[in-house]
Amino acid sequence: MNLRRNTAAAVLAAAIVAPTATHAFASHKAPSSSLAIKPTTRTTSSSSSSALSMGPPTDPSAPLTEQFGEGSRKYRRTVYTHDQWVKHRSPDRFANNLGTLVQSGIYKQVGKEVFLTVSVAVSVCVWNALVGGAEDFSGVMQEPFINEGWAIKAGLPLEPFTLLSPSLGLLLVFRTNASYSRWDQARKFWGLNINHTRDLNRMATTWYGNQSEYDNADFLGAPEGGTASSSSSLSSSSAESDPIDPVEREYLLGQVSLMTWAFVRSMKRHLSPPGEDEEDYVAEIKARLTPEQAGALIEATHRPNRALYDLSVAIEKLPMHFVRKNVINNNLSIFEDTLGGCERLLSSPVPLFYSRHTARFLSSWLLLLPLALYPSFGNSWNHSMMIPATAFISVFLFGIEELATQLEEPFTILPMQGFCDKIGANCDEIVSWAGEGQDHQLDVQTVRRAEVEVRYDMAARAGMETKAEENEAKRIGRLGRMKERVKRRLSVRNRMSGQVDAEVEASTSEYQEVQ
């Protein structure tokens, strides 16, 4: 059980810490396209307050609806930076958190429930004083005010609450853990959006107009047979690709960056309450897109899908091989997955029967708890210390359940506007690098072509040398064979000459004998 309680504490700590970072995404503005028809000014709702002072406004003149509850959720959209982490680890954090106890929106949100449990505690103390007697301020015990037979003290044994405590703790742990998991999933989905928007614009910027014919693929604009598989292709590939128009490149890549931002901004609007974000969304879209683009996007039934379509069109207009376009379009499939995942979280809460049973269990347990705590505070004046003890227990247990409820729908406490601004700034900066490292006086493709030609020349020379060596070996072999034939012929001639000499000598001897 101690292990489970430690797990509960860890989960609750994570749930409390996770949304307590400040919206620190500064809207860095990279150089925008000179062909942009609309200005690229972005609006941001980020707060300049530090992470540890985040939360609902403390000004008493602020509307009560923004001090806690739904109105306070927009003040919890925070992201940590290094400075906030230093403050988060500060040794004064306990004193600071205790000092803001009465300002907590969580505790204000459960005020009605706490008031009800405290009312039960007060009622128990008053009733038992009426029917069982009460101690006056001088310490003298007074007679009961109600002496009827039916009037008995209210109370319950503490054992049932002790037995039920582990079950209640597990319910609260699982409830909080499930809600934090939903918040974590939503944050990861937006993390994927941030990563893959950068990846998409990086690939589009780097591959723009890249029509190299030395990668075993027929690229747009490359000559026929332009692979490096044969020497004949080298002669046909010597022609340069069409030069890149910097103005057109800046415009087309600017459209990719702009439509990337339009998608994430439309996704943010899709996941936000209409009354909070609709006006800002329309203003931002009209400020950055052309009237035709803005009108089509605003009037679309499903705006993120329309923005993804516009992004696909912008990618399709880029001059590059379709294989590379397919690689870029893989990021759009990931965007569809993150959008669908966020829609799932928004439309499907934790099963209602689980949430309702937990709320009923907790409410019943706390409302009946004063009846069991009454005997334990017999040493206090008329058991009066039971009242603040009940308030203390109620605040923190109801607060745990309230944390889970606030985390269950994560999008109104995530800094999605900051994510959108950061994505737009990053994409603008990436596409502004177009041509850097590629537009040198010594053209990169020319160098590659020369390198390939040198390699082929070396291979050709090596082949010629090898052929000459083979020919020399063959010649030497032929000379050896000729020498052997000559030797054989001389041997035969010598043998035939010896036989002739013997025959001559024999004939001469025979002639002399006859004479």
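This report walks through the salt bridges in the structure above.

## Ground rules

The model is predicted, so local features need pLDDT of at least 70 and side-chain atom pairs count only at pLDDT 80 or more, while totals for chains, interfaces and linings use all residues. Residues are numbered from 1 along each chain as its sequence is written, and side-chain values use heavy atoms, with hydrogens and water left out.

## The overall tally

Search the whole structure and you get 11 salt bridges. Here, a salt bridge is a side-chain nitrogen of Lys or Arg within 4 Å of a carboxyl oxygen of Asp or Glu.

## Asp 277 and Arg 265

One of these pairs is Asp 277 with Arg 265, at 2.9 Å from N to O. Asp 277 sits in helix H9 (residues 274–288) and Arg 265 in helix H8 (residues 246–271), so the bridge ties together parts that are 12 residues apart in sequence. Helices are DSSP runs (H or I, at least four residues), numbered from the N terminus.

Both partners are buried: Asp 277 has 2% relative accessibility and Arg 265 has 0%. Buried means under 20% relative accessible area, exposed is over 50%, and partly exposed falls in between (1.4 Å probe, protein chains only). The pair also belongs to a salt-bridge network that links Arg 265, Lys 268, Asp 277 and Glu 284.

## Two further pairs

Arg 269 bridges to Glu 278, with the closest N and O atoms 2.6 Å apart. Arg 269 is buried at 11%, whereas Glu 278 is partly exposed at 23%.

Then there's Lys 325, paired with Glu 316 at 3.9 Å between the closest N and O atoms. Lys 325 is buried, with a relative accessible area of 9%.

Terms used
Helix = DSSP H or I, 4+ residues; strand = E, 2+ residues; numbered from the N terminus.
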